[in-house]
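Dear colleague,

I am passing on the structure below, and my notes on it follow. Please read them alongside the coordinates.

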Amino acid sequence: MEGNFIKKRFSPSILITLVSLILIFQMAKSSASASAEPEVQIVYMERPKDVDPEAYDIQVLSSVLGSEEAAKQALLYSYKTAASGFSASLTPKQVEDIKKKEGVLHVAPNRTLQLHGGAGNKRLTK
C-alpha cells in the first residue's frame, strides 16, 4: 500500500527532475568553490615617486591579504620598467578588494598568448 502511495504521489518525471536539480546544484557548488582558488593576476597601478616598487607592492598586497608574509608569498613579480604594477596569486574576492585600493588602475588575469604561425613568419626568416 505504501508503494502505491509513492507511485501516485511522485511520478517518474518528477523524481527525475528532482534528481537532476540536485545534481545541477552540486555541480554549481563544486565549480563555485573551485573558482575561489588563487589565480595569477596582473595588477597595473600608479606608484608614488621615490618608493621602492617591490616594497610598495607588498604594502598594497598586505592590506588585502592581511599580513606581510602572505603578501610576500602571493607576490610573483614587480614590474618596474615598461609597466608599473605586479603579478600575484589572488582569489576572486582578493581581486575585488585590491581593485578598490588607491592607485590601482586595472587588474587582469594572466594569459599566455600563442603567436600566429602562418605565412607571415616565413617572410621574417628569409
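**Glutamine 41 and its surroundings**

Leaving aside residues up to four places away in sequence, glutamine 41 touches Phe86, Ser87, Ala88, Leu90, Val95, Val107, Ala108, Pro109 and Asn110, where contact means heavy atoms within 4.5 Å. This is a predicted model, in which local features need pLDDT of at least 70 and side-chain atom pairs count only at pLDDT 80 or more, while totals for chains, interfaces and linings use all residues. Residues are numbered from 1 along each chain as its sequence is written, and side-chain values use heavy atoms, with hydrogens and water left out.

Glutamine 41 is placed in strand E1, and it counts as buried because its relative accessibility is 8% (buried means under 20% relative accessible area, exposed over 50%, and partly exposed in between, with a 1.4 Å probe and protein chains only).

**The sheet and the helices on it**

The protein chain has 6 helices and 4 strands, which follow the pattern α-α-β-α-α-β-β-α-β-α along the sequence; helices (H or I, at least four residues) and strands (E, at least two) are DSSP runs, numbered from the N terminus. The open sheet of 4 strands has the order E2-E3-E1-E4 with antiparallel pairing, and two strands are taken to pair if DSSP finds at least two bridges between them. Its edge strands are E2 (75-79) and E4 (104-109), each of which pairs on one side only, and the twist averages 20° from one strand to the next.

E2 and strand E3 (residues 85-90) pair in the antiparallel sense over 4 bridges, and tyrosine 79 has glycine 85 in E3 as its bridge partner. Helix H3 (residues 53-65) lies across strand E1 (39-45), E2 and E3, running at about 135° to E2, with axes fitted to C-alpha atoms, for helices over the stretch in contact, and angles from 0 to 180 degrees between N-to-C directions. Helix H5 (residues 92-99) also packs on the sheet, touching E1, E3 and E4, and its direction makes about 150° with that of E3.

**Tyrosine 79 and the whole chain**

The count comes to 1 aromatic pair, for which ring centres of Phe, Tyr and Trp (its six-membered ring) must lie within 6.5 Å, planes under 30 degrees apart being stacked, over 60 edge-to-face and the rest tilted. Tyrosine 77 and tyrosine 79 form this edge-to-face pair, at 4.9 Å centre to centre and 65° between the planes. Tyrosine 79 is partly exposed, with a relative accessible area of 27%.

Of the 126 residues of the protein chain, 25% count as buried.

Best regards
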